[in-house]
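Come along with me through the entries.

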Amino acid sequence: MSSLSARETAYQTIRSRIITMELKPGDPLNDRELAEELGISRTPMREALLMLNIARMVDIKPQSGTHVAPINLKLMEMEQFSRYALEKEVLNRLRGRLTEQQIADYRRCIDDYRALEADLGQPRRTARMLELDNAFHRRAFEICGMEDHYNYMLSKLQHVERIRKFSLQTEENKSVCGAHTRILEALISGSPEDVGEALQSHLTRYKLSVEQARSVHPEYFIDE
């Protein structure tokens, strides 16, 4: 494994664990132990932690060591605004232009999410629900030939992504299928304003998750 690929592997692995809350805000991160676990040297692990520090997902302090950073609500707002602006533009490129097959594909994605939501015994249920949510939003970018833009955008949603796991345990989750349906209907026969309003309503529902999660774990969040 090259130094670059080792660093990237370490970065993606730790980032994923932080996003899924396997590693929670405040948890210590030991570069030696993590490097041994992943079978890499300490240098690429340290580089990965520095990258995560730049992304504000990790705090590195000389006197107290390296810890998982709290969820930064100010940065979350900035990320969500950027996502809204880009996704609204892409959706409006498709407005009124979806084929019957594309509409059917959208509806199938919604139905798959609804079925998984109702079946509490499904393996990897939480991860698969997040995958289906992503698949719905990615579809417009795929149709426009801009899937790389979506993947890049998702890779930069550091703090938004961290709250999504919480959302599956709140009332927000119950609104996903309805919200996706409203976005689709706006795409089929709505105005640009309808598309923007449907998307904005959906993307701002995360605030309910923040409120509920913060009432239980106030130490997980900061406002600056």
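**Entry 1: two helix pairs**

I started with helix 5 (residues 100–118) and helix 6, which pack at an angle of about 165 degrees with their axes 9 Å apart. That makes helix 5 roughly antiparallel to helix 6, a label for angles over 145 degrees. I noted that this is a predicted model, where local features need pLDDT of at least 70 and side-chain atom pairs count only at pLDDT 80 or more, while totals for chains, interfaces and linings use all residues. Residues are numbered from 1 along each chain as its sequence is written, and side-chain values use heavy atoms, with hydrogens and water left out.

Helices here are DSSP runs (H or I, at least four residues), numbered from the N terminus. Their axes are lines fitted to C-alpha atoms over the stretch in contact, with angles from 0 to 180 degrees between N-to-C directions.

I found that helix 5 passes helix 6 in a left-handed crossing (the near helix is turned anticlockwise from the far one by less than a right angle).

Next I looked up helix 4 and helix 11 (residues 206–216), which pack at about 165 degrees with their axes 12 Å apart. Helix 4 is therefore roughly antiparallel to helix 11. The crossing of helix 4 with helix 11 is right-handed. Leu-73, Met-76, Glu-77 and Gln-80 of helix 4 meet Tyr-206, Lys-207, Val-210 and Arg-214 of helix 11.

**Entry 2: the largest pocket**

What is the volume of the largest pocket? I read about 420 Å³ (the space filled by probe spheres set on grid points, which are joined across faces, edges and corners). A pocket is an open set of points on a 1 Å grid over the protein atoms alone, where a 1.4 Å probe fits, with protein on both sides within 12 Å along at least five of seven lines; lining residues have an atom within 4 Å of a point.

Its lining has 16 residues, with Ile-19, Thr-20, Leu-130, Asn-134 and Glu-161 nearest the centre. Helix 6 gives the most, five residues.

Notes: Parallel < 35°, antiparallel > 145°, perpendicular 65-115°, else oblique. Contact = heavy atoms within 4.5 Å.
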